[in-house]
Amino acid sequence: MMATASILLVEDTPDIAQYIRDILVGAGWSVQHEERAARGLAAAKGGAFDILVCDRMLPDGEGLDLVESLQENVLLERLRFLRQLTQT
């Protein structure tokens with residue numbers, strides 16, 4: 001049996017977070033949701049996640065700054081980053 005991927009979702013908009021979470025959980029993945037960059041950073045440093053899905057604009061900071069902080073952390077080398085940049 002294949003191991004379930006663990007995903008950290010950092011998204012502050014409740015409807016979007018729920019939509020993404022429903023899709024990922026429905027696909028059989030484990031998801032932890034945080035609404036703030038600081039909490040996402042703490043969760044990533046304290047957990048064993050395979051993938052980070054992060055909003056670009058968060059109430060307490062830039063999502064790309066969070067990604068950069070995590071990429072610089074040697075302990076998180078195995079974390080994969082998915083980045084979608086869109087403009088509206």
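User: Happy to look at this predicted model with you. What makes a stretch of residues a helix or a strand here?

Analyst: A helix is a DSSP run of H or I with at least four residues, and a strand is a run of E with at least two. By that definition, the protein chain has three helices and six strands. Read from the N terminus, their order is β-α-β-α-β-β-β-α-β.

User: Thanks! Why is Ser-6 called buried?

Analyst: Buried means under 20% relative accessible area. Ser-6 has a relative accessibility of 16%, so this residue counts as buried. Across the protein chain, 32% of the 88 residues are buried.

User: Where does Ser-6 lie, and which residues is Ser-6 in contact with, leaving aside neighbours within four places in sequence?

Analyst: Ser-6 belongs to strand β1, which covers residues 6-10. With those neighbours left out, the contacts of Ser-6 are Ser-30, Ala-48, Phe-49, Asp-50 and Ile-51. A contact requires heavy atoms within 4.5 Å.

User: Nice. How much of the contact total in the protein chain, at a separation of 6 or more, comes from residues 24 or more positions apart?

Analyst: Such pairs supply 63% of those contacts.

User: And helix α3: how do you know where its buried residues fall around the axis?

Analyst: Helix α3 spans residues 63-71, and its buried residues are Gly-63, Leu-66, Val-67 and Leu-70. Looking down the axis of α3, these fall within an arc of 100 degrees, so they line one face of the helix. In general, an α-helix has 3.6 residues a turn, so residues three or four places apart point the same way.

Methods. Residues numbered from 1 in each chain as written. Predicted model: local features only at pLDDT ≥ 70, side-chain atom pairs only at ≥ 80, totals over all residues. Heavy atoms only, no water. Buried < 20%, exposed > 50% of the residue type's maximum accessible area, 1.4 Å probe, protein only. Arc of directions from axis to C-beta.
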